[in-house]
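Me: Could you walk me through reading a few features of this model?
Reply: Happy to, let's look together.

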Amino acid sequence: MLTFRLPGEADREEVMAFYREFEESGGTCIGFGGWRDYDRWLQGMKNRHTGKDLPEGYVREDFDLCWEDGALVGVFSLKFKLTDYLLAFGGHVGHAVRPSRRQEGIAARMLAQGKEIARDLGFSRLLCVCDEDNTASEKVILRNGGVLEDTRFDPEERVTVKRYWIAL
């Protein structure tokens, strides 16, 4: 079973290594922005959790570190509100698995546990969005009961996304 928890000061080295691994693999993931300044990054995550002092366009969200057997294996984000942009292109949920731990079913388990958390918080359904060419994320969403609503072109990101709803 995975353990979800909000990041804290004690997680500095693990979080830095997590994002460094993404950078070295040539990728990025949710929460990537500003990670090199951990104190500032951590304050931003605390602000997301409380919903206070957020940049324009941001909403309250829980950004959890996902641990398994003492190792940081991924991150999971649950947004509590959908702006027009998030409704069209972003969704409630974001997740990422560290590159060295992919192909182990971690993402599917993260979303399954995230669904339980969302249900406990009063959500009745979740919007999950993935890039049209991200077949790995699409499989995770489908494995967790996602039902395709539509496909849309995001002019800001210049990418086509698939939008799935998951009933809780």
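**A loop arginine and a strand**

Reply: Arg-98 is found in the loop between β4 (93–97) and α4 (106–120). Helices (H or I, at least four residues) and strands (E, at least two) are DSSP runs, numbered from the N terminus. This is a predicted model, where local features need pLDDT of at least 70, side-chain atom pairs count only at pLDDT 80 or more, and totals for chains, interfaces and linings use all residues. Residues are numbered from 1 along each chain as its sequence is written, and side-chain values use heavy atoms, leaving out hydrogens and water.

Me: Is Arg-98 buried or exposed?
Reply: Buried means under 20% relative accessible area, exposed over 50%, and partly exposed in between (1.4 Å probe, protein chains only). Arg-98 counts as buried because its relative accessibility is 9%.

Me: Which residues does Arg-98 touch?
Reply: Contact means heavy atoms within 4.5 Å. Not counting residues up to four places away in sequence, Arg-98 touches Glu-14, Ala-17, Phe-18, Glu-21, Phe-22, Leu-72 and Val-73. The Arg-98 side chain also reaches the backbone oxygen of Ala-17 at 3.5 Å.

Me: How many bridges join β2 to β3?
Reply: Two strands pair if DSSP finds at least two bridges between them. Eight bridges join β2 to strand β3 (residues 71–79), and the two run antiparallel. Within this pairing, Asp-64 stands opposite Phe-76 in β3.

Me: What pairs with β2 in the antiparallel sense over three bridges?
Reply: That is strand β1 (residues 3–5); Phe-4 has Cys-66 in β2 as its bridge partner.

Me: And how covered is β2?
Reply: Eight of the eight residues in β2 (residues 61–68) are buried.

Methods:
A polar contact is a pair of N or O atoms within 3.5 Å; within protein, one must be able to donate a hydrogen and the other to accept it, and residues adjacent in sequence count only if both atoms are side-chain atoms.
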